[in-house]
Amino acid sequence: MIPVKPLCMLSLFIVLLTPFRINAQVKQALKKESNNLYYPNSVERFYQQNGYQLAWIAPDTIKTHVWDAMLLLDCVRQYGLNHEDYHPKMLLYPELHKLIDQKGTQEEAAAYDILLTDAMIRFINDLHYGKLNSVYTMKKIDSGVKFKAEHELLVALQGNDFLHAIDGAQPRSKLYFDLQDHMRLLVGQRGGDCYVIPPSLIRKMAINMERLRWISTTGKNIHLTCIVREGMVIDYKDIHHQDKALESALYNENRVPNNQLTLHEISIPKL
């Protein structure tokens, strides 16, 4: 029979040792998952800044924003983005429940944590720069730019209003705000009304939200083919015949490298 005092000391030692074991698992998982990440360098920087701790699946995970993040990734269509771009086959709810209940291994927890971080970093970058920005490519962003999604994610995790912090990555122009607000209305509140809201309208709004992200980050005036004015969608001619190509690339239907999409500098429609 083990004396009570040594048993207590052993328990304390195990508690103190746990963070170091987690640190090691996160570092190992970063190396193992590197080829599966969209932004491996950004993810590495994120975990360097948080001391290689689990950001989402921790013993006190109820205090984190893991469910907020999962909900955002489920609702990316409201931002004119594609759910397929954020590790949907790996970030599964049953697996998350299992890990939160501590029924999985530390290796599985670290891998899931890292993939969720990568998905959120990509989501923030897609909101800010756009998915297909030919100036700010994934490679350029991951090498380090002024707007750092990994920093924005850390700030959001440490704050009390996670969703508002993530939303702040988006452009702040009225043209973008009106499109995004209308997209949220159509996809969120009227999403089941398929007879009134054709998919083609949603896609056209999405590609123009993408163009407005380019405008916001590159400073170029890019031709828009639709805007929203007083709650109504107003269409303009696709004078460069790019809508179909951009739509296909945005929805992964015909992959076009983003450095092959040109930004035409002409006037945007006046309000």
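Guide: From the N terminus on, the elements run α-α-α-α-α-α-α-α-α-α-β-β-α. That comes to 11 helices and two strands. Helices (H or I, at least four residues) and strands (E, at least two) are DSSP runs, numbered from the N terminus. This is a predicted model: local features need pLDDT of at least 70, side-chain atom pairs count only at pLDDT 80 or more, and totals for chains, interfaces and linings use all residues. Residues are numbered from 1 along each chain as its sequence is written, and side-chain values use heavy atoms, with hydrogens and water left out.

Now the contact. Helix H5 covers residues 106-128, and helix H7 covers residues 149-158. Their axes come within 9 Å and cross at roughly 110°. Axes are lines fitted to C-alpha atoms, for helices over the stretch in contact, and angles run from 0 to 180 degrees between N-to-C directions.

H5 brings Thr117, Met120, Ile121, Ile124 and Asn125. H7 meets them with Ala149, Glu150, Glu152 and Leu153. Contact means heavy atoms within 4.5 Å. By class, the H5 contact with H7 has five nonpolar, two polar and two charged residues.

Of its 271 residues, 45% count as buried (under 20% relative accessible area, 1.4 Å probe, protein chains only). Residues 24 or more positions apart account for 73% of the contacts with a separation of 6 or more.

How values were computed. Ala, Val, Leu, Ile, Met, Phe, Trp, Tyr, Cys and Pro count as nonpolar, Asp, Glu, Lys and Arg as charged, and the others, Gly among them, as polar. Buried means under 20% relative accessible area, exposed over 50%, partly exposed in between (1.4 Å probe, protein chains only).
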